[in-house]
Amino acid sequence: MNKQMNVQMGTAANERRQLLRDIQTVGFVVVEAQLFLDTHPDCADALDYFNYYNQLYMQLVADYESKFGPLTVNGVQSNSEWTWVNEPWPWEKEA
Amino acid sequence: MWNYDRKLQYPVNIKKPDARAAKVIITQYGGPDGELAASLRYLSQRYSVPYRDVAGVLTDIGTEELAHMEMISAMVYQLTKGLSIEEIKREGFDTYFVDHTTGIYPIAASGAPFTAAYFQSKGDIITDLHEDMAAEQKARTTYDNILMLVDDPDIIDPIRFLRQREIVHFQRFGEALERTKDRLDCKNFYAFNPEFGSK
């Protein structure tokens, strides 16, 4: 493997990690708003907040899945290969 | 039903194996105030609740607890991966190793295996919500104790996240209890079980 390939793979790994971090961050915001709304269902601000971040979450997941493979099984997009088991599992240490 | 997301709720990346830390952190998997007991508690209690919003709180927090169980399991996995036999013996992990090698199995720090006796599902939402609030406080204390026993920032960071979630869940259960009490008939001043035989 030459040096340039190493750099490219490093960049892809960094992008994957950053996008996953963004999904974890926004996913957390969605969960937090969800729990708040369960006990404050009439809070219009919280509902707006939930809708905004839920939309953003779905965009980020679609972006991630198109580049790096499925996050849920419904994100499997390949006709030729079973991609569900290709990427690291969440409990594996990041390289 | 549930779907699996191929991500942890919060990142776990522990670079240095530490069998001693794994021995205490595993208690939040299979111990008396651990995430497995929390999840089973809320997900069992929710069915008979007569109020949909309260059943929602139990469903959503019970689901988040499954994600916390996965984080704790990932921590124990990473803390025990690559240990040498010398480290396993020196750090007192041999008593776990002999039964489970470095597989992940739900036990308390004392070695007691997980048991459903750690939690109740009483069929009385007022009683259950009081237990749930206490459970969140007990888990928070356990995380406080873990934080006194570890010094690796890679361990401290996810443990602090989990500790904060106990505080938020305590708050939500408190609100669920208030919303439950708001609905009680004025004749039910002493808050007898609204799930059974009160009408």
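The following conversation works through a few descriptions of a predicted model.

Colleague: Why are α4(B) and α8(B) called roughly antiparallel to each other?

Modeller: Helix α4 (residues 52-80) of chain B and helix α8 (residues 153-182) of chain B pack at an angle of about 165°, with their axes 11 Å apart. Angles over 145 degrees count as roughly antiparallel, and the two helices are therefore described in that way. As for the sense of the crossing, α4(B) passes α8(B) in a left-handed one.

Colleague: Which residues in α4(B) meet which residues in α8(B)?

Modeller: Among them, B:Leu58, B:Ile61, B:His68 and B:Met75 belong to α4(B), while B:Phe161, B:Leu162, B:His169 and B:Arg172 are included on the side of α8(B). The residues of this contact divide into 15 nonpolar, 3 polar and 6 charged.

Colleague: What makes B:Asn193 count as buried?

Modeller: Buried means under 20% relative accessible area, and B:Asn193 has 17% relative accessibility, so this residue counts as buried. B:Asn193 is found in the segment after α8 of chain B.

Colleague: How do you know that the side chain of B:Asn193 reaches the backbone nitrogen of B:Glu195?

Modeller: The side chain of B:Asn193 reaches that nitrogen at 2.7 Å, and a polar contact requires a pair of N or O atoms within 3.5 Å. A polar atom of the side chain of B:Asn193 also lies 2.8 Å from the backbone oxygen of B:Gly123.

Colleague: How many helices and strands are there in chain A?

Modeller: Chain A has 2 helices and 0 strands, and buried residues make up 31% of its 95 residues.

Notes:
Residues are numbered from 1 along each chain as its sequence is written. Chains are lettered from A and ligands numbered from 1 in the order in which they are written. This is a predicted model: local features need pLDDT of at least 70, side-chain atom pairs count only at pLDDT 80 or more; totals for chains, interfaces and linings use all residues. Side-chain values use heavy atoms; hydrogens and water are left out. Axes are lines fitted to C-alpha atoms, for helices over the stretch in contact, and angles run from 0 to 180 degrees between N-to-C directions. Helices (H or I, at least four residues) and strands (E, at least two) are DSSP runs, numbered from the N terminus. Angles under 35 degrees count as roughly parallel, over 145 as roughly antiparallel, 65 to 115 as roughly perpendicular and the rest as oblique. A crossing is left-handed if the near helix is turned anticlockwise from the far one by less than a right angle, and right-handed if clockwise. Contact means heavy atoms within 4.5 Å. Ala, Val, Leu, Ile, Met, Phe, Trp, Tyr, Cys and Pro count as nonpolar, Asp, Glu, Lys and Arg as charged, and the others, Gly among them, as polar. Buried means under 20% relative accessible area, exposed over 50%, partly exposed in between (1.4 Å probe, protein chains only). A polar contact is a pair of N or O atoms within 3.5 Å; within protein, one must be able to donate a hydrogen and the other to accept it, and residues adjacent in sequence count only if both atoms are side-chain atoms.
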